[in-house]
Amino acid sequence: DPYKYKQEFLHAWEVVSSYYQNADERVIFEVLNEPAEELKWDIWNQFLNEAIAIIRKTNPRRWIAAGTAHCNTIENLENLVIPEHDDRIFVTVHNYTPMGFTHQGAEWCDPPFPRDISWVGSEQEKRVIINEYDTAAKWAAKHNRKLWLGEFGAYSAANNEHRCAWTEFVARTCEE
């Protein structure tokens with residue numbers, strides 16, 4: 001019930017932004033990590049922009065990390081709305097593609113993803129990941145925004161050799 005807690009959320013940003021207004025530039029605000037569930041993109045954009053307006057009252061030049069609805073996913077970049085002329089906002093994305101591989105055996109998923117899923121680095125597997133990062137890069141260029149890959153990884157239940165290959169491929173793809 002996002003609206004039930006909206007005022008508490010905004011009040012928290014009043015307190016935090018006021019408290020840290022004189023902190024050095026190493027302090028960056030992330031408005032909310034992985035907005036999810038009932039914080040659909042239209043509601044999240046409203047909350048996000050109201051929080052940014054509050055932050056800017058006391059921190060006009062501090063860097064702000066803004067994520068997308070549905071857990072900072074790349075596919076939701078197209079729905080993200082942030083102040084167009086604020087050049088001190090970067091966008092953070094998380095990527096765990098393919099979820100069946102990266103989250104296999106994760107106890108917190110309901111229902112849990114099955115185990116023994118492999119990632120061998122086939123051309124098809126690589127193409128899916130490349131396409132996602134291409135989508136993110138195109139969005140960033142179109143909107144003149146910096147992107148930050150805030151999270152990626154594969155859960156320890158996956159085969160370690162496959163996890164290493166996946167991680168290596170994702171890291172190198174992002175560098176490119």
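Predicted model: local features only at pLDDT ≥ 70, side-chain atom pairs only at ≥ 80, totals over all residues.

What follows is a set of questions and answers on this chain.

Biologist: Among contacts between residues at least 6 apart in sequence, what percentage joins residues at least 24 apart?

Modeller: The C-alpha trace spans about 50 × 35 × 30 Å along its principal axes, and 41% of the 176 residues count as buried. Among contacts between residues at least 6 apart in sequence, the part that joins residues at least 24 apart is 68%.

Biologist: Against which elements do the buried residues of α1 pack?

Modeller: Helix α1 covers residues 2–19, and its 18 residues reach 25 Å from the first C-alpha to the last, close to the 26 Å expected at 1.5 Å a residue. The buried residues in this helix are P2, K6, F9, L10, W13 and S17. An α-helix has 3.6 residues a turn, so residues three or four places apart point the same way. The elements against which the buried residues of α1 pack are β1 (29–30) and α2 (41–58).

Biologist: And for α2, against which elements do the buried residues pack?

Modeller: The end C-alpha atoms of α2 are 26 Å apart, which agrees with the 26 Å that its 18 residues should span at 1.5 Å a residue. Its buried residues are I43, W44, N45, F47, L48, A51, I52, I54, I55 and R56. These buried residues pack against α1, β1, β2 (64–67), α3 (69–72) and β3 (89–95).

Biologist: Is V91 buried or exposed, and how far is its C-alpha atom from that of W148?

Modeller: V91 has its place in strand β3, and it counts as buried because its relative accessibility is 0%. Leaving aside residues up to four places away in sequence, V91 touches A66, L77, L80, I82, W139, K146, L147 and W148. V91 and W148 are 57 residues apart along the chain, and the separation of their C-alpha atoms is 6.1 Å.

Biologist: How do the residues of the contact of α5 with α6 divide into nonpolar, polar and charged?

Modeller: The axes of α5 (residues 123–143) and α6 (residues 160–175) come within 10 Å and cross at roughly 35°, and the crossing is right-handed. The contact is made by K126, I129, I130 and Y133 of α5, together with W166, F169, V170, T173 and C174 of α6. The residues of this contact divide into seven nonpolar, one polar and one charged.

Biologist: How many disulfides does the count come to?

Modeller: A disulfide is a covalent bond between the sulfur atoms of two cysteines, and the cut-off for counting a pair is that the sulfur atoms lie within 2.5 Å. C71 is in no disulfide, since the nearest cysteine sulfur, that of C109, is 10.0 Å away, and C164 has its closest cysteine sulfur in C174 at 17 Å, too far for a bond. The count of disulfides comes to zero.

Biologist: Are C71 and C164 buried, partly exposed or exposed?

Modeller: The relative accessibility of C71 is 25%, so this cysteine counts as partly exposed. C164 has a relative accessible area of 45%, and for this cysteine too the class is partly exposed.

Key: Residues numbered from 1 in each chain as written. Heavy atoms only, no water. Axes fitted to C-alpha atoms, helices over the stretch in contact; angles between N-to-C directions. Helix = DSSP H or I, 4+ residues; strand = E, 2+ residues; numbered from the N terminus. Left-handed = near helix turned anticlockwise from the far one by under 90°. Contact = heavy atoms within 4.5 Å. Nonpolar A, V, L, I, M, F, W, Y, C, P; charged D, E, K, R; others polar. Expected span 1.5 Å × (residues − 1). Buried < 20%, exposed > 50% of the residue type's maximum accessible area, 1.4 Å probe, protein only.
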